[in-house]
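Hi there,

Here is the structure I promised to pass on. Have a look at it first, and then read my notes below.

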Amino acid sequence: MKDQAAQSETVLRAELEVAQAKVRDLQKRLFGRKSESRSGGNELVQTQAPVARRRPRKEWDIRTLCNAPELKGLIHPKRP
């Protein structure tokens, strides 16, 4: 009975070590330093310039309304 308990404890301790090693590895991956980032150096790093995002164009604009022929006299009435 003691031998079986000792053997079971050995197996469980080995499994615990494996699980703890996995946890350490995952924590290092998640919270550790990034491998490609460097704090300094003379190497030029080529990065892409940020893409300027344009605002979406409105379907109508006040300038297009002012130039509409059916509204021409209403918006800019001709003065006598």
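**The first helix**

Helix 1 covers residues 2-31, so to speak the place to begin: its 30 residues reach 42 Å from the first C-alpha to the last, close to the 44 Å expected at 1.5 Å a residue. Please keep in mind that this is a predicted model. How many of the 30 residues of helix 1 are buried? The number is zero, so helix 1 lies largely in the open.

**Two salt bridges**

The structure holds two salt bridges. In one of them, Arg13 pairs with Glu9, and the closest N and O atoms are 2.9 Å apart. These residues are four apart in helix 1, which means that about one helical turn separates Arg13 from Glu9. An α-helix has 3.6 residues a turn, so residues three or four places apart point the same way.

Arg29 forms a salt bridge with Asp25, and here the closest N and O atoms are 3.3 Å apart.

**The protein as a whole**

Stepping back, the protein has three helices and zero strands, and its elements run α-α-α from the N terminus on. Of the 80 residues in the protein, 2% are buried. The accessible surface comes to about 9,400 Å², and carbon and sulfur atoms account for 54% of that.

Which element of the protein has the highest mean pLDDT, and which the lowest? Helix 1 has the highest, at 94, whereas helix 3 (residues 72-75) has the lowest, at 61. Across the protein the average pLDDT is 77, and 55% of the residues score at least 70. Where pLDDT is low, the predicted coordinates should not be read in detail.

Best wishes

Note on methods: Residues are numbered from 1 along each chain as its sequence is written. This is a predicted model: local features need pLDDT of at least 70, side-chain atom pairs count only at pLDDT 80 or more; totals for chains, interfaces and linings use all residues. Side-chain values use heavy atoms; hydrogens and water are left out. Helices (H or I, at least four residues) and strands (E, at least two) are DSSP runs, numbered from the N terminus. The expected span of a helix is 1.5 Å times one less than its number of residues. Buried means under 20% relative accessible area, exposed over 50%, partly exposed in between (1.4 Å probe, protein chains only). A salt bridge is a side-chain nitrogen of Lys or Arg within 4 Å of a carboxyl oxygen of Asp or Glu. Accessible areas come from the Shrake-Rupley method with a 1.4 Å probe; for residues, only the protein chains shown count as cover. pLDDT is the predictor's confidence in each residue, from 0 to 100.
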